[in-house]
Amino acid sequence: MTPFVADVLIPVGKIVAVILYPMVMVVVMIWLERRVVALMQGRLGPNRVGFQGVLQPVADAVKLFFKEDIIQRQADRLLFNISPLLVMASSLLAFCFVPLGEPIRIGTYTLTLWIAESPVGLLIVLGLSSISVFGVIFGGWASNSKYPLMGALRSVVQVLSYEIPTGLTVLTVAFLARSMDLVEIVRRQESSGVWYGFLMPVSFIVFWISAVAETNRAPFDLPEAESELVAGYHTEYSGMKFAYFYMAEYAHMVLVSSLVVILFFGGWLPPFPGVRALDFLDVVPGFVWYLVKIMFFLYLYVWMRATFPRYRFDSLIRLVWKWLIPLAFVNFLVVALVRYLR
Amino acid sequence: MTETFERPPFLLAKADAFITWAQKNSLWPFGSGLACCAIEMIATAAARYDIARFGMELFRASPRQADLFIVAGTVTNKMAPVLRRLWDQMPDPKWCLAMGNCAVCGGPFPSYSVLQGVDKIIPVDVYVAGCPPTPQGLIHGLMVLQEKIARSHPTKEILDPDARDRR
Amino acid sequence: MAFNEIELNMGPQHPSTHGVLRLKLAVDNEVVVRVEPVLGYLHRGMEKLWESLTYVQVVPLTDRLDYLASLSNNLAYVLTVEKLAGIEVPRRARYIRIVLAELQRLASHLAWAGFMANDIGAMSVLLYGFEAREEILDLFEAYCGARLTVHGIRIGGVVQDLDAALVSRIRTVLSRIPKRLADIRALLDENRIWKERTVGIGPITAADAIDLGLTGPALRASGVAWDMRKDVPYSSYDEIDFEVPLGRNGDCYDRYLVRLEEICQSIRIVGQALDGLPEGEHMAKVPRALRIPPAEAYHAIEAPKGVLGFTIRSNGTDKPERVKMRSPSFVNLQSLEHMCVGCLFPDVVGILGSLDIVLGEIDK
Amino acid sequence: MPETGAERPELLQALAALSGRVPAGLLEGAVEDGELRVRLGNEALIPALRLLKDEHGFSFFEDMAVFDNLGQAGEGGRRFTVVYRLYMFPGARRARLAVDVGEEESLPSAVPVYRAADWAEREAFDMFGVRFDGHPGLRRIYMPDDFEGHPLRKDFPLAGRTGGV
């Protein structure tokens, strides 16, 4: 393992992997969403393009690539161009800190399945994922027309209000695991033998609801509500810029589901770590478990989109300030008390 | 590559084939309906006839993200400038499908307020007759449009800009 | 325009205005201050056109008015012409007309349930509603070949006779609708988000509703028990017993419940009409060139959207002198302003959906 | 099946009250096949509407139709006949009030009595050019505002005058 390979090739390989991983997940997610929502609604969904419509996202991407890119004359050009990049970059950047599995030993060199590990990994991921709000605001503001502006204003209030319950529930996990490092949290769950999702169901539920709201999905998709705001904040975007917004939304969903999996369902741990009888499950690599769990939560996203009607804006805000934040506080106190007494 | 060529060279032909394959299979219709044909258009997108199978599922509400403009219904003189502006707002590789006799030629309304055919204001690619055309008729029209897209040469327009005006 | 008001244009191309309606909204950070509907984007000059067509030629054009309930338009126009010309319709034809009109009401209400739910965000209900409606359109296609603009009711009777195969096919389709309705109700009825978006939204009291001319399910949701089929029975509706579902406080949720209840009632009506189908031929003897001596007649029926009435004045020739249509959606839309002022911007979409308007009928 | 017989008690009372209240304005009045049919002068319109609405239960403004009598002997010799149709809600009875108006004359607006008449009068103005005094916002409802002429008049050609867009 010459130093050249260890210091240059592997990090570059890992970086390419981290960029490719969300892209592949986004492609899978686009196909999964269109098929699952279609099947839930009693129709077939894309099945003509490639085998069972698998090439459909590829066709969408290539078509969007060759579309004319329209920028309004009165749009604020700088902000208009930056906002899709901002939204996309923040999602991809946060993936660096997401641990995908156990470090693998190759000879003397241990290949860690994540790029960066820092004692405050959790904080960084949360910080990065809320940068995408700027992209949405700049996009809505720069389009200089009424509907995107209203979409942007709505998404500001929605995402900022839902940061608070997210933060609080994440705090309970960090409190229990006594560290903010994602890898450490998973290891802590492995050693304690029980996943935090089962230990603290309330914080899982609150985290999941605010996660769905933060990614503007399912019952909370106010900012891009077709029936009211035409197409929300990305009304004026066309071609590749719109593709960025479209993919960033899915990347953000994958990021949030991986966060849920790591914090509450033991990242790459096989199910029921405590039970000795299920040891044969260990032969399956951690990465596969991680993917299975993420797929479940992505399916949940799609399921919620197919069933729930849309919240009205003020009821959405009332929900978070009157219900989720007090619940998160009470939950945090309870966890603290239990920790202190034990 | 300024001289125009009749049959595109090999490399461009392959590029054409790939681009048109993508454009053909992800035609996003523009969700605007005018009259009775709009209900048949929605029925075509609904569970039984389901044009999502061909990749046309996302009825984009904003003209910026749509590339197929289905004019479904009667075009009145008051609505004509609105339709024209919507057509101009759509990004370029765009196609127009005139659905129903009203959009094709004014249909059963030879009256003072109806525009006799949408091709007076928008260049139409495919005309689908019927009042309203059945979903099968509309899907046939969409397939004819897909064949037309498959025959087009997008790379020719990239290299020879004024070729687009002679489209 | 006060300082902090935005002038928003919803329409004429907007995903949830059910066609080409344009709403000029003055919105003070999401609270609606003024609503001004602008019409005419689908005005095809029907009433002028009718004056140059014979009585029989006008019938297919009435299909294109309320294109979600074309048979009801036919029925209203044809009953007025028969009243004007004094044509006696055989009893079997009247029963077949009841079957067709009520099937059309089912199709219209199922489509409406899909559109309203889609406006408030529940996309799947649109697909479920349209799937149920497709089966009814198959019945129409089996009956007379057309799906949407059916043109099945003619002057003097109906275009085809109902044979036994079609009757049993209607019964099987009707037996499947309650299950689909249960799916829709399971998704929406007790859904907290749905109730939050509809309960108490756009209320209208009975007095205001009558003063503003509101008719149909929207009026009955305010507790006013007025159904043209009961009050002024036509086409032997008085021989069929059915209830008129009523709401209490006239908000979006009640309008939703009343229409779903009406679907159940329509199924009962079609069942009874099929059971009691009398013998006889399905079309009266009507002269080919129908000339009507100068007179004037007005007749109104209970269309799925409300009271649909036709005023026809004849002048002795085979062309009507003047045909005026009282369109329920046109009058119901007048009360949109009354319902919307003071509510939030997303509610305008919900209220518009609950009013169930069709632009073909408004702009004529 | 219109009810036969003219012995609708409440309609006869309404007719009697009308002839009492606006004797000069009531040109013709009768109860025929279950319907109260009255022809009124311009100034008698609003008092008659108010009387029928408040005291005789005609709470519902069902429809308003305008007829162009160009070339025929209109009932009052004037060009337009405006017909108001009212509906007695609990009693399921109908009333037909006809008023004649010339091209240049105008009618008092019925909106103060029935709010439902708002758009009906705007449509009448747009299609025929009949003006209504006191209407909250009398402007065209279907045709674009800069459209000249009134389409439903007999002398207006079906295919319209200007060549469209």
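# Reading a four-chain model

Analyst: A:Asn216 is found in the loop between helix H8 (201–214) and helix H9 (226–229) of chain A. Helices (H or I, at least four residues) and strands (E, at least two) are DSSP runs, numbered from the N terminus. Residues are numbered from 1 along each chain as its sequence is written, while chains are lettered from A and ligands numbered from 1 in the order in which they are written. The model is predicted, and local features need pLDDT of at least 70, side-chain atom pairs count only at pLDDT 80 or more, and totals for chains, interfaces and linings use all residues.

User: What is the phi of A:Asn216?

Analyst: Phi of A:Asn216 is near 50°, which is positive in a residue other than glycine.

User: Is A:Asn216 buried or exposed?

Analyst: The test counts neighbours: a residue is buried if 20 or more other C-beta atoms lie within 10 Å of its own, exposed if 12 or fewer, and partly exposed in between, with C-beta atoms placed from the backbone. A:Asn216 has 24 other C-beta atoms within 10 Å, so A:Asn216 is buried.

User: Which phi does C:Asp356 have, and where does C:Asp356 lie?

Analyst: C:Asp356 is not a glycine, yet its phi is positive, about 55°. C:Asp356 sits in the loop between helix H13 (345–355) and helix H14 (359–363) of chain C. C:Asp356 counts as buried because it has 26 C-beta neighbours inside 10 Å.

User: Is the peptide bond from B:Cys131 to B:Pro132 cis or trans?

Analyst: That bond is cis, and its omega is near -5°. B:Pro132 lies in the loop between S3 and helix H5 (135–151) of chain B.

User: What is the mean pLDDT of chain B?

Analyst: pLDDT is the predictor's confidence in each residue, from 0 to 100. For chain B the mean is 86, and 91% of the residues reach 70 or more. Among the elements of chain B, strand S3 (residues 126–128) has the highest mean pLDDT, 95. Helix H6 (residues 154–159) of chain B has the lowest, 75. Where pLDDT is low, the predicted coordinates should not be read in detail.

User: At what angle do helix H2 (residues 55–63) of chain C and helix H3 (residues 70–85) of chain C cross?

Analyst: Axes are lines fitted to C-alpha atoms, for helices over the stretch in contact, and angles run from 0 to 180 degrees between N-to-C directions. The axes of these two helices of chain C come within 8 Å and cross at roughly 155°. H2(C) is therefore roughly antiparallel to H3(C). The cut-offs are: under 35 degrees roughly parallel, over 145 roughly antiparallel, 65 to 115 roughly perpendicular, and the rest oblique.

User: Which residues of H2(C) and H3(C) make the contact?

Analyst: Two residues are in contact if their C-beta atoms, placed from the backbone, lie within 7 Å. H2(C) contributes C:Tyr55, C:Val58, C:Val59, C:Thr62 and C:Asp63. From H3(C) come C:Ser70, C:Asn73, C:Asn74, C:Tyr77, C:Val78 and C:Val81. By class, the residues of this contact are six nonpolar, four polar and one charged. Ala, Val, Leu, Ile, Met, Phe, Trp, Tyr, Cys and Pro count as nonpolar, Asp, Glu, Lys and Arg as charged, and the others, Gly among them, as polar.

User: At what angle do helix H1 (residues 9–21) of chain D and helix H2 (residues 45–55) of chain D pack?

Analyst: The angle is about 140°, and the axes are 10 Å apart. H1(D) is therefore oblique to H2(D). H1(D) brings D:Ala14, D:Ala17, D:Leu18 and D:Arg21, and H2(D) brings D:Pro47, D:Ala48, D:Leu51, D:Leu52 and D:Glu55. The residues of this contact are seven nonpolar, no polar and two charged.

User: At what angle do helix H2 (residues 56–65) of chain A and helix H1 (residues 10–25) of chain B cross?

Analyst: Their axes come within 8 Å and cross at roughly 110°. H2(A) and H1(B) are therefore roughly perpendicular to each other. A:Ala59, A:Val62 and A:Lys63 of H2(A) meet B:Ile19, B:Ala22, B:Gln23 and B:Asn25 of H1(B).

User: Which chains have the most contacts between them?

Analyst: Five pairs of chains touch, and the most contacts are between chains B and C. This contact takes 30 residues from chain B and 25 residues from chain C. H2(B) gives the most to the side of chain B that touches chain C, with six residues. That side of chain B has 19 nonpolar, eight polar and three charged residues.

User: How far apart are the closest C-alpha atoms of chain A and chain D?

Analyst: They lie 25 Å apart, and no contact joins chain A and chain D.
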